[in-house]
Every structure is written in structure tokens, then in C-alpha cells.
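Here is a friendly walk through one protein model. Please keep the sequence and the structure open as you read.

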Amino acid sequence: MTDWIEPSARETGPAYSTEQVELGRKLVARDDLLTDEKQRTRLEIGDLLLTVAPVDTGKTTNDTNELIKTFAADIGMTADMARQYRSVSAGCNTAHRQALAESDVTVSYSVVREAALGFSLPKETREAEKALPKADRERRCQERWETLLGMLQEPGRHRLTAQEFRAAIGARPIPNSASAMTAEKIVEQLDRPEVRSAVMASMMEPTFLVEALAADPMAELKIRDSLAQVAQVTGSRQNTPPSEETDDRLVMQLGRRVNLLHGLVEMHPEQIINIADEDMLNALEKACEGLAHWAQRLHSARTCGQAGVR
């Protein structure tokens, strides 16, 4: 005789496997370490999220969002970033990926995201596109991909930047000739008002800030600290504390860095010597010296019960 199991008891376990969690953690760690493979790695993370939370399954949006949030926390990334990776992978089919892989043109993940989502299109344009029937949404997406694939065929092209592609699809026009400068040239000419204005406009553009703060939540705290110092000088008493979302991102980022540190110290010294050149070894030894001093400060701060300096 089979014992009766309450339906709620059957559904208490996670909707994904430990193997999927382990794979997700490896991909997240690889995304941090191998910057040259971010496009491929992030698409793989998105594919994994699609297997955990497939699209068009009949589940409610709330159920899917909660599942993504839980899985994202288990693998060490924010829910917003996980949802974005999943959406990009859903909008990048096998044919698109094969074309990117076969091309000699360097294409960043930001370009792929623009093609899949129209990420930097004006808000009203994106909202209108979301309201379209599925077939029309897919047609708009395919038009962006055709633009991208056409640019890959341009003679003499070796790299396609996100700024160039955004301008091509009408997402964000290139402000002026400063956009074509190298980073070194921009620094050299920052005293020119038009160059400085273009740089500031780019840095304050919402999409840039979203990407920068998502990549390193510490940047947000540094900005808040700077604003607090300005407020003290000017006599303003406004001081907005970090949001819970910021705290969550910081915890995620700290957890990922701790995992990376664990991975580093688990490597045998002989293995590191065989891999690293002399400059890398010197940098590693210097970092270890700094780490020992930092560990002492951390211990002192914990002993005194004080947070210390960020």
C-alpha cells in the first residue's frame, strides 16, 4: 500500500537540480575570470536559466520570477541580471550564434543584447514593442539581427562596438567625433569642451550606469560616499541610505569574490609557477602581502565591532 503524500509536500523541493546549480556557479565564476569569453559564457548562463525557467510554459509571471530569483541567488548573481541573461539567450537563436562564431569581427555581449532586446531603445519604443503580438515582436528582433549580421560583412571591419550598433538601430546616436577616438586620445583631449561634454554624457547615460553598477556594486557606494562628502561641504543634510537592492548586489559581489579567492588558494604553487610569467608572479606576491595586511584590519574591525572604511 502506497502512503499518501500531500500535494504541498511533493512540491517543496527546488525546481532545479544540484547539478544545474553547480554548473551555474562555474559559469558565473568563469564570467568573472575570462573577460574575453563573456559573450559565450553569458549566453551559456542564459541557456541554463532557460532550462530552469523555460518560456511559454503556462506558469504565471510571478512564479517564473520567483524561480529565477531563487536560482540566481543559489548560483551567485542578482535576479535582474539573471532575467536579462535569460531574455538575451531566448532572443539569440542557433543561426545567430553560428554567424557570430564564424565571423572574424569582434562582437561584445552588449551588442548581442541590443540585437536580442533592443536594450537601449527609447523606453516608449520598448514598451510599444512589448505590447505587440508575438510574431511582430519576433520580426522586430530579426530586423535588428539582420542589421547586425549585415555590419559584420562590411569590408575592413574588425570590431563592432555597442555604440556603433546602437546608432545603426536608432537606439542611441553617436554624440560626435569623440566617439571614434581611442581611450588614450580622449584622455589627452579632455580639456576640449566638446570632448569632455561627450564623455560626461556617455557616463551619465542610464544604460552605461546600469551596466557599471551591475558589474561592480562598490561603484555605487563610492558615488554615494562622494555625494555625502559634497553634501557636508555644501551644508545639505540629505543622505539617502543604500537601498536593499544595493545591499543584495553587494552581498552577491562579495560572495563571488570570496569564491574566487578560495579557488585561487586551492591552486598548487607549482601549478601557478608553470602558468604565470614573472610579472604575474610579482603581482601575485604583492597582492598576497596586501591581503595579509587587509586580513589584520578585518580582524581588528571585527574585534572592535566597527565597520571600518569601505
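## Contacts and overall make-up

Among contacts between residues at least 6 apart in sequence, 60% join residues that are at least 24 apart. Keep in mind that this is a predicted model.

The secondary structure comes to 17 helices and two strands. Of the 310 residues in the protein, 27% are buried. The protein exposes about 20,900 Å², and carbon and sulfur atoms supply 55% of that area.

Let's turn to one helix. H9 runs over residues 134-152, which makes 19 residues. From its first C-alpha to its last it reaches 27 Å, close to the 27 Å expected at 1.5 Å a residue.

Which residues of H9 are buried? They are Cys141, Arg144, Trp145, Leu148, Met151 and Leu152. These residues sit on the same side of H9, because they cover an arc of only 120° around the axis. An α-helix has 3.6 residues a turn, so residues three or four places apart point the same way.

The cover over the buried residues of H9 includes helices H6 (94-102), H7 (109-117), H8 (123-130) and H10 (162-168), along with strands S1 (106-107) and S2 (159-160).

## A nonpolar patch on the surface

Now for the outside. Leu261, Leu264, Val265, Leu291, Trp294 and Leu298 form a nonpolar patch on the surface, and together they have about 520 Å² of accessible area. Helix H15 (244-265) and helix H17 (278-304) each give two or more residues to this patch.

Leucine 291 counts as partly exposed because its relative accessible area is 35%, between the cut-offs of 20% and 50%.

Note on methods: Residues are numbered from 1 along each chain as its sequence is written. This is a predicted model: local features need pLDDT of at least 70, side-chain atom pairs count only at pLDDT 80 or more; totals for chains, interfaces and linings use all residues. Side-chain values use heavy atoms; hydrogens and water are left out. Helices (H or I, at least four residues) and strands (E, at least two) are DSSP runs, numbered from the N terminus. The expected span of a helix is 1.5 Å times one less than its number of residues. Buried means under 20% relative accessible area, exposed over 50%, partly exposed in between (1.4 Å probe, protein chains only). The arc is that of the directions from the helix axis to the C-beta atoms. Contact means heavy atoms within 4.5 Å. Patches are made of residues with over 30% relative accessible area and no salt bridge: like charges are joined within 9 Å, nonpolar side chains (Val, Leu, Ile, Met, Phe, Trp, Tyr) within 5 Å. Accessible areas come from the Shrake-Rupley method with a 1.4 Å probe; for residues, only the protein chains shown count as cover. A salt bridge is a side-chain nitrogen of Lys or Arg within 4 Å of a carboxyl oxygen of Asp or Glu.
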